[in-house]
Amino acid sequence: MSRLQSVPKLWNDTITSHRHAVREAAIDATADLIAQHGLLSVTMSQIAAKAGVGRATLYKYFPDVEAALQAWHERQIANHLEQLAYARDQAGLPAERLEELRREFGIDKSVPEQFILYLRETAQLNLGLSYQSRQPVWT
């Protein structure tokens, strides 16, 4: 069942749950379009059509395509951080936990720099460091 089919009717559910469902449908549509056409090819018209909402409605949730892409990216990062936290909280030695993370994320064992870079980037995002400047956001 697509998000569109699961969008609640206003007269049956609260406005808050409806808004949440529409927003999630738009983010799901964005993810599908990225997978199909690539990051730079996604448009607001495509997102609206795929999510089953009008463009005017979509603009109430996201002012432009960059905002929709950012919402998708934030959800991706949140999912990755949840996976990292789950692995961290499992019993076992640290080396076993790292190996589980490597397998989970499909990182090639023969390229350890990939894994180190991934962990560094994730830690920086989680600690409030700017991705581009590598400086704390609060400075």
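User: At what angle do the axes of H2 and H5 cross?

Analyst: A word on the basis: this is a predicted model, where local features need pLDDT of at least 70, side-chain atom pairs count only at pLDDT 80 or more, and totals for chains, interfaces and linings use all residues. Residues are numbered from 1 along each chain as its sequence is written, and side-chain values use heavy atoms, leaving out hydrogens and water. Helices are DSSP runs of H or I with at least four residues, numbered from the N terminus, and axes are lines fitted to C-alpha atoms, for helices over the stretch in contact, with angles from 0 to 180 degrees between N-to-C directions. The axes of H2 and H5 come within 9 Å, and they cross at roughly 90°.

User: Is H2 roughly parallel or roughly perpendicular to H5?

Analyst: Angles under 35 degrees count as roughly parallel, over 145 as roughly antiparallel, 65 to 115 as roughly perpendicular and the rest as oblique. The crossing of H2 and H5 is at roughly 90°. Therefore H2 and H5 are roughly perpendicular.

User: Which residues of H5 meet H2?

Analyst: Contact here means heavy atoms within 4.5 Å. From H2 come Arg23, Glu24, Ile27, Asp28, Thr30, Ala31 and Ile34, and their partners in H5 are Ala68, Leu69, Ala71, Trp72 and Arg75.

User: How far apart are the end C-alpha atoms of H5?

Analyst: The expected span of a helix is 1.5 Å times one less than its number of residues. H5 has 25 residues, so it should span 36 Å, and this agrees with its end C-alpha atoms, which are apart by 36 Å.

User: Is Thr30 buried or exposed?

Analyst: Thr30 sits in helix H2, residues 15–37. Leaving out residues up to four places away in sequence, Thr30 touches Ile47, Ala68, Leu69 and Trp72. Buried means under 20% relative accessible area, exposed over 50% and partly exposed in between, with a 1.4 Å probe and protein chains only. At a relative accessible area of 1%, Thr30 is therefore buried.

User: What is the relative accessible area of Ile47?

Analyst: Ile47 lies in helix H3. Apart from residues up to four places away in sequence, Ile47 touches Ala26, Ala29, Thr30, Leu33, Val42, Leu58, Val65 and Ala68. Ile47 counts as buried because its relative accessible area is 0%.

User: How far apart in space are Val42 and Ala68, C-alpha to C-alpha?

Analyst: Val42 is in the loop between H2 and H3, and it is buried at 6% relative accessibility. Beyond its neighbours within four places in sequence, Val42 is in contact with Leu33, Ile34, Ile47 and Val65. Val42 and Ala68 are 26 residues apart in sequence, and their C-alpha separation is 9.6 Å.

Technical notes: Helix = DSSP H or I, 4+ residues; strand = E, 2+ residues; numbered from the N terminus.
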